[in-house]
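Visitor: I should like to learn how to read a protein model, one feature at a time. May we begin with the surface?

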Amino acid sequence: MTLLDRHGFSSVVATNVEQDYHRELVRGDHVTAHFTIESISPVKRTGLGRGCFVTLHKRYENQHGELLVEERFRLLRFDPNTTEEA
């Protein structure tokens with residue numbers, strides 16, 4: 001993400017999220033989140049400016065390693081100074 005910042009894509013807007021719930025939380029659960037950058041699109045022109053769509057894959061597990069929630073979170077990292085070019 002630092003690389004995107006260096007190239008001017010410093011503004012962020014969430015575009016969509018997909019969630020699959022696998023297990024209910026139980027009292028006493030300790031939840032750990034694992035984040036992976038799944039993909040980064042080529043630079044695109046959008047109404048907000050030039051930017052890249054970033055998809056994060058998130059896994060939430062309990063203390064036993066059991067999957068609780070799986071999520072794909074997509075956001076747009078963009079350069080607001082390029083709105084005229086979009």
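Guide: Accessible areas come from the Shrake-Rupley method with a 1.4 Å probe, and for residues only the protein chains shown count as cover. By this method the protein exposes about 5,800 Å², of which carbon and sulfur atoms supply 50%. Please note that this is a predicted model, in which local features need pLDDT of at least 70 and side-chain atom pairs count only at pLDDT 80 or more, while totals for chains, interfaces and linings use all residues. Residues are numbered from 1 along each chain as its sequence is written, and side-chain values use heavy atoms, with hydrogens and water left out.

Visitor: In which element is confidence lowest, and in which is it highest?

Guide: The score to read is pLDDT, the predictor's confidence in each residue, from 0 to 100. Where pLDDT is low, the predicted coordinates should not be read in detail. Here the average is 93, and 97% of the residues score at least 70. Confidence is lowest in α1, with a mean of 83, and highest in strand β5 (residues 67-79), with 97.

Visitor: What radius of gyration does the protein have?

Guide: The radius of gyration is taken over C-alpha atoms, and the globule rule is 2.2 Å times the number of residues to the power 0.38. For 86 residues, a compact globule would have a value near 12 Å, but this protein has 16 Å. The C-alpha trace spans about 50 × 20 × 20 Å along its principal axes.

Visitor: What share of the residues is buried?

Guide: A residue is buried under 20% relative accessible area, exposed over 50%, and partly exposed in between (1.4 Å probe, protein chains only). Of the 86 residues, 30% count as buried. Histidine 7, in the loop between α1 and β1, is exposed because its relative accessible area is 55%. In space, histidine 7 is 8.4 Å from aspartate 79, C-alpha to C-alpha, although the two are 72 residues apart in sequence.

Visitor: Which residues are in contact with threonine 15, beyond its neighbours within four places in sequence?

Guide: Contact means heavy atoms within 4.5 Å. Threonine 15 belongs to strand β1 (residues 11-21), and beyond those neighbours it touches Phe53, Arg74, Leu75 and Leu76. Its relative accessibility is 38%, so threonine 15 counts as partly exposed. Its C-alpha atom is separated by 14 Å from that of lysine 44, which is 29 residues away along the chain. Across the protein, of the contacts with a separation of 6 or more, 64% come from residues 24 or more positions apart.

Visitor: How many salt bridges does the structure hold?

Guide: Side chains of opposite charge can pair when their charged atoms come close. A salt bridge is counted when a side-chain nitrogen of Lys or Arg lies within 4 Å of a carboxyl oxygen of Asp or Glu. The structure holds seven. One of them joins aspartate 5 and arginine 77, at 2.1 Å from N to O. Aspartate 5 lies in helix α1 and arginine 77 in strand β5, so this pair ties together parts that are 72 residues apart in sequence. Aspartate 5 is partly exposed, at 39% relative accessible area, whereas arginine 77 is buried, at 7%.

Visitor: What is the N to O distance between arginine 23 and glutamate 66?

Guide: Their salt bridge has an N to O distance of 3.6 Å. Arginine 23 is in the loop between β1 and β2 (32-40) and glutamate 66 in the loop between β4 (49-61) and β5, so the pair ties together parts 43 residues apart in sequence. Arginine 23 is partly exposed, with 43% relative accessible area, and glutamate 66 is partly exposed at 29%.

Visitor: Which residues form a nonpolar patch on the surface?

Guide: Patches are made of residues with over 30% relative accessible area and no salt bridge; like charges are joined within 9 Å, and nonpolar side chains (Val, Leu, Ile, Met, Phe, Trp, Tyr) within 5 Å. Here Met1, Ile37 and Ile40 form such a nonpolar patch, together having about 250 Å² of accessible area. Methionine 1 sits in the segment before α1 (2-6) and counts as partly exposed, at 35% relative accessibility.

Methods:
Helices (H or I, at least four residues) and strands (E, at least two) are DSSP runs, numbered from the N terminus.
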